[in-house]
Amino acid sequence: MGLQVDVRKLDLFNQMAKEGSGTVADHLGQLTGLDASVHTSQINFLDIDDVTTHIGDERQVGIYVELNEPPYGYVLFMLDPADSKRLAGAMMGGMGEAGEGEGFSEMERSAMQEIGNIMTSAFIDGWANVLDTTIDMGTPNFVLGPASGIIEKMGGWPDSELVFVIDSQITVEDGDLGMTVYTFPELGDLVELIQGIDLDTDVAEDTQADELV
């Protein structure tokens, strides 16, 4: 299958990616009680060998979720460990023990996995609506360590020389808490879905997700 895409459909997909990041920011704000916003959102075609360079080697918390249906691949949330602890604390509402130092207790890990579950659902539900499909996802995984090592733990790289990366930086109130969302769909499956987008699609309406309860 060729990788040619109608430029109008690619524009709709770009809008979809940005709207999806905005939905994640809304849900992050609801979880923390603070105003969250998308700082940047860009789409990159990267050589697989360049992905670890793009992400860097700083010690991070990674929450990744595998997509079990097209476009397959992974959604990865990366945070500074201190920011992750703040999010976990907000999720737990002050209940449970915190891990010592930069370590994480089981409750904190579980809280971050639940945050990953909520965020991924917010992200891909809108995609599924726009692409007129369903996208089943796996269980969120918690990893703490160098960012490049988190990518290695994800495994299952697409069988392609290029990786399509959607990179969104989400910040909360003056940038004092940030989260980067990476999406690594399989290129061929993604292109096939993009080719099927209806040009009359209202992206903003279709990517609107339900509020958290």
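I looked up the contacts of Lys9 (heavy atoms within 4.5 Å) and found Ile194, Gln195, Gly196, Ile197 and Leu199, not counting residues up to four places away in sequence. I note that this is a predicted model, in which local features need pLDDT of at least 70, side-chain atom pairs count only at pLDDT 80 or more, and totals for chains, interfaces and linings use all residues. Residues are numbered from 1 along each chain as its sequence is written, and side-chain values use heavy atoms, with hydrogens and water left out.

I placed Lys9 in helix 1, residues 7-32; helices are DSSP runs of H or I with at least four residues, strands runs of E with at least two, numbered from the N terminus. Lys9 has a relative accessible area of 16% and is therefore buried (under 20%, 1.4 Å probe, protein chains only).

I next examined helix 1 against helix 6 (residues 187-195): their axes come within 9 Å and cross at roughly 105 degrees. The two are therefore roughly perpendicular (65 to 115 degrees). Axes are lines fitted to C-alpha atoms over the stretch in contact, with angles from 0 to 180 degrees between N-to-C directions. Lys9, Leu10 and Phe13 meet Leu190, Ile194 and Gln195 there.

I then turned to the largest nonpolar core, which has 47 residues; Phe13, Leu28, Phe77, Leu87 and Met112 have the most contacts inside it. Such a core is a set of buried Ala, Val, Leu, Ile, Met, Phe, Trp, Tyr and Cys residues joined through side-chain atoms within 4.5 Å. Helix 4 gives the most to this core, with 11 residues.

Technical notes:
Buried < 20%, exposed > 50% of the residue type's maximum accessible area, 1.4 Å probe, protein only. Parallel < 35°, antiparallel > 145°, perpendicular 65-115°, else oblique.
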